[in-house]
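Please look over the chain shown below before reading on.

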Amino acid sequence: MRTLFDPPERPAESEPGARGTRRVLTVSELNALAQATLEQAFSSVWVEGEISNLRRYPSGHTYFTLKDAGAQLSAVLFRGAAQTLPFRPEDGLKVLARGTISLYAPRGAFQIIVDALEPAGLGALQLAFEQLKARLLAEGLFDPARKRPLPFLPRRIGIVSSLQGAALRDILKVLARRFANVEVVLAPSRVQGEGASFEIVEAIRSLNRLGGVDVMILARGGGSLEDLWPFNEERVARAIAASGVPVISAVGHEVDVTIADLVADRRAPTPSAAAEMVIRSKEDLADRIAAWRSRLASAQRLVVARGRQDLEEAGAARAGEALRGRMRDLALRVDDLTGRLHDSLERRTTGARHALAILRERMTPGRLAERLLGRRATFEGLGRLLLASIAARLQRARGAQAAYAERLQALSPLAVLARGYAICRAGGTGTILKDSAAVRTGDAVSVTLHRGSLGCAVTEVRADGKREEGV
């Protein structure tokens, strides 16, 4: 028995100088055999090294080199495996890579096909957290200037949380105690596990689409980094930043800090604290209203007291002087109105006189005679036009009458008789005969001619050109 790498057996030579048979491989066959051998022998190995020369292609595949102080190894991370990584591989990062040792046959390149990648030392989730935090910080999503204040007294509060979680019960208990008639809209969502981040994003967007929501609480209880991880994913952070409704993040305990806490408009240490933060109690509001009412009454009393003091300081002399000044103003106003009325009457009188002079000029006997002659010529011209129009219409009517008479004459039965035709009626009934079968031999008939008529007796009856007597 021999292996693939055993040297080929030397053929027995039957004669001196005889050449034995040997197996010759092509380059492709050799590389294929080497690839199969490597993948079988090293189907799953862990390799530690530092990433360098990392390249990402539009296909989603990632190529890089793993190196240590003495050697380097080509590596490829295909798209499917890359999408499952919680962190982003970068140059200089020391990692543990699990994969299959293989050979890229077309180039004969030795490589590892990576199916799992972990940071060496720092956990993968913690590294992903730090990477996303640095990226969002650079984009300004944590900037306090972009965060909005909470409404003073919201009428509708949206809550994104799990229906089974204690966080929701704590929030509802606090809201009922502080302001029982506030409206609460719940957008249920899973708050841990794979796919939870998609549900959280959809819940945030649904509350925005609903409209009328004044503030939103994003809540869940405490847990490990893995349990809280949906609130550290980029899609949740960007959904919070894009929300048109202010968001309070109440995720985990006070010591737990998530990306959602950093992006939200306000962070609450616990879900109960978020409920206390979002709405004031009725007692607090009543106290504030009472304080404002007291301050307003005090301000009113102060204004009245100052006004009374100013009036007393003015004295009767100043009051009389003010009255005299007012009377002078009124007198000046009367004089101004009187002058304006006089000017208006003068303008109207002048205009009326001018109009009267124009009318007098137009009403002289000469002007009247000229206008009368002009109107008379106009009326005579209109009369001639009217007579001509009547004559033309009468002529057209006569022509139309003559045409109708000709058409009527052409359609008259008498015109038909004038061409030699006659109308034959039965003697007893006067019915017009159209068929010879309607009479018999000996029946009396009346024949109407163009001029006059004849009384006749049937002596012969023909049907279709044949003679029929005695029928």
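## Strand pairing and a helix residue

In this predicted model, three strands form an open sheet whose order is β11-β12-β13, and their pairing is antiparallel. The edges are taken by β11 (423-426) and β13 (453-457), each of which has a single partner strand, so one side of each is left without a neighbour in the sheet. From one strand to the next, the twist averages 25 degrees. Strand β12 (residues 444-448) pairs with β13 over five bridges in the antiparallel sense, and within this pairing Val447 has Leu454 in β13 as its bridge partner.

Another set of antiparallel pairings involves strand β1 (residues 45-56) and strand β2 (residues 62-67), which are joined by five bridges, while six bridges link β2 to strand β3 (residues 72-77). β1 and β2 form a hairpin with five residues between them, and in the turn Gly60 has a positive phi of about 100 degrees. A further hairpin leads from β2 to β3 through four residues.

The table lists residues that face each other across these pairings.

| Residue | Opposite residue | Strand of the opposite residue |
|---|---|---|
| Arg55 | Tyr63 | β2 |

Turning to the helix, Leu30 lies in α1 (residues 27-41). Is Leu30 buried, exposed or partly exposed? With a relative accessible area of 48%, Leu30 is partly exposed, because that class lies between the limits of 20% and 50%. Leu30 and Gly108 are separated by 78 residues in sequence, and their C-alpha atoms are 9.6 Å apart in space.

Notes: Residues are numbered from 1 along each chain as its sequence is written. This is a predicted model: local features need pLDDT of at least 70, side-chain atom pairs count only at pLDDT 80 or more; totals for chains, interfaces and linings use all residues. Side-chain values use heavy atoms; hydrogens and water are left out. Two strands pair if DSSP finds at least two bridges between them. Helices (H or I, at least four residues) and strands (E, at least two) are DSSP runs, numbered from the N terminus. Buried means under 20% relative accessible area, exposed over 50%, partly exposed in between (1.4 Å probe, protein chains only). Axes are lines fitted to C-alpha atoms, for helices over the stretch in contact, and angles run from 0 to 180 degrees between N-to-C directions.
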